[in-house]
Amino acid sequence: MAGGTGTDKTLPQPEPPSQIGSTHEPHLNSTCSEHTAQQLPFDRPRLDPARPPRLSPVIEQARLWTPRFVLLCLANICSSMIFYLLAASMATVSVRWYDASMTWAGATTGFYFLGAVIARLLAGPLVARLGLHRTMVLSWLYFAAASAFYLLVPNLFWLLVLRLLHGAGFGLAATAMTSAALSGVPASRRGEGTGWFTSGMALGTGLGPLIALNLLWVDGGDRIILWLTMAAALIGVTLVLVATHLEPVTDEPAPASLTGRVPLIDRNAVPIATVAMLVAVSFSVALTFLNDFSAEASLQAAAALFFLV
């Protein structure tokens, strides 16, 4: 107050904004500056033209066409060729070589399918005990060895036994190989990988009967079919061995909880399995007796193109 005798009380003045950070939290400005400087776009390291940038881990993990996957796809084509070469010709061979009736000629195909079904039921527990890698290699060696005995069979009885054992080898080899091939497919490309892998079976479905039905009407063609079977088995087992050597897999037996009693039939799979069984039965009947029917109807050329179309 003007003219007052009392002591003037002045209010404290606030500190300038520039002094707040430096007085109370001196480390805040420096931290923010460093954090901002690290995110500046012109501070990123320059790319070396001599060293191309690597793919990100996500892209590398999504790689589908690995050497192992390619080799196993080729091995799948070999196994399907063996299956359909023999399925289309074995009934005719049994009639020519062993004077079998049409009933027993059809049994040569039925025994093969029976062995394959039994082996597929046992493949799961076998993989759990031996490991996927070991099961695939051993089953392919067994499958290839069984393919070499067709020229040594003395009679129809031993042919049926060989067909049963050979079918079991096919069931084990196909199951283990499919699991091994798809186990390395990225989850984001599982559908694509499954489609490419199973296309080998579709290729064998067309080419196998086409080759077999044409060779059956050539002198010595039945023996040529068996030699082609052995060649495909040798190529297939070589591809499997090379694939496992390029990308080895450590086999560890499953824990005891997985090697105990496991149900062989899943109720959820029964409906679709029933449909697949009906389709397979009709297909196998046509495949087994198509050659003899076409001979009676003089339609050999058309029969050879039936499965290709």
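Taken as a whole, the protein has a mean pLDDT of 78, and 72% of its residues reach 70 or more. Residues 254–259 are another stretch where pLDDT stays under 50; for these residues the model has five contacts beyond four places in sequence. Where pLDDT is low, the predicted coordinates should not be read in detail.

## The overall fold

What kinds of elements will you meet along the chain? The protein has 11 helices and zero strands, so its pattern along the sequence is written α-α-α-α-α-α-α-α-α-α-α. The chain holds 309 residues, and buried ones make up 36% of them.

Contacts can also be sorted by how far apart the partners sit in the sequence. Among contacts with a separation of 6 or more, 82% join residues 24 or more positions apart.

## The nonpolar core

The largest nonpolar core has 56 residues. Within this core, Leu72, Met136, Trp140, Tyr150 and Phe197 touch the most other members. Two or more residues come from each of these helices: H4 (67–98), H5 (102–130), H6 (132–147), H7 (156–183), H8 (190–215), H9 (221–246) and H10 (270–297). Helix H4 gives the most, with 16 residues.

Which residues does tryptophan 140 touch, leaving out those up to four places away in sequence? Its partners are Ala75, Ser79, Ala173, Met177, Ala233, Gly236, Val237 and Val240.

Apart from neighbours within four places in sequence, threonine 135 is in contact with Leu126, Val127, Leu130 and Ala176.

Leucine 141 also has its place in helix H6. Is leucine 141 buried or partly exposed? Its relative accessibility is 41%, so leucine 141 counts as partly exposed. The C-alpha atom of leucine 141 is separated by 9.5 Å from that of glycine 236, although these two residues are 95 residues apart along the chain.

## Where H8 meets H9

How do helices H8 and H9 lie relative to each other? Their axes come within 8 Å and cross at roughly 150°. Angles over 145 degrees count as roughly antiparallel, and therefore H8 and H9 are described as roughly antiparallel to each other.

At this contact, Ile211, Ala212 and Leu215 in H8 meet Gly221, Asp222, Ile224, Ile225 and Leu228 in H9. The residues of the contact divide into six nonpolar, one polar and one charged.

## A loop residue to look for

Finally, turn to the loop between H4 and H5, where aspartate 99 is found. Aspartate 99 has a phi near 55°, a positive value in a residue other than glycine. Is aspartate 99 buried or exposed? With a relative accessibility of 69%, aspartate 99 counts as exposed.

Conventions
Residues numbered from 1 in each chain as written. Predicted model: local features only at pLDDT ≥ 70, side-chain atom pairs only at ≥ 80, totals over all residues. Heavy atoms only, no water. Core = buried A, V, L, I, M, F, W, Y, C linked by side-chain atoms within 4.5 Å. Buried < 20%, exposed > 50% of the residue type's maximum accessible area, 1.4 Å probe, protein only. Helix = DSSP H or I, 4+ residues; strand = E, 2+ residues; numbered from the N terminus. Contact = heavy atoms within 4.5 Å. Axes fitted to C-alpha atoms, helices over the stretch in contact; angles between N-to-C directions. Parallel < 35°, antiparallel > 145°, perpendicular 65-115°, else oblique. Nonpolar A, V, L, I, M, F, W, Y, C, P; charged D, E, K, R; others polar. pLDDT = per-residue confidence, 0-100.
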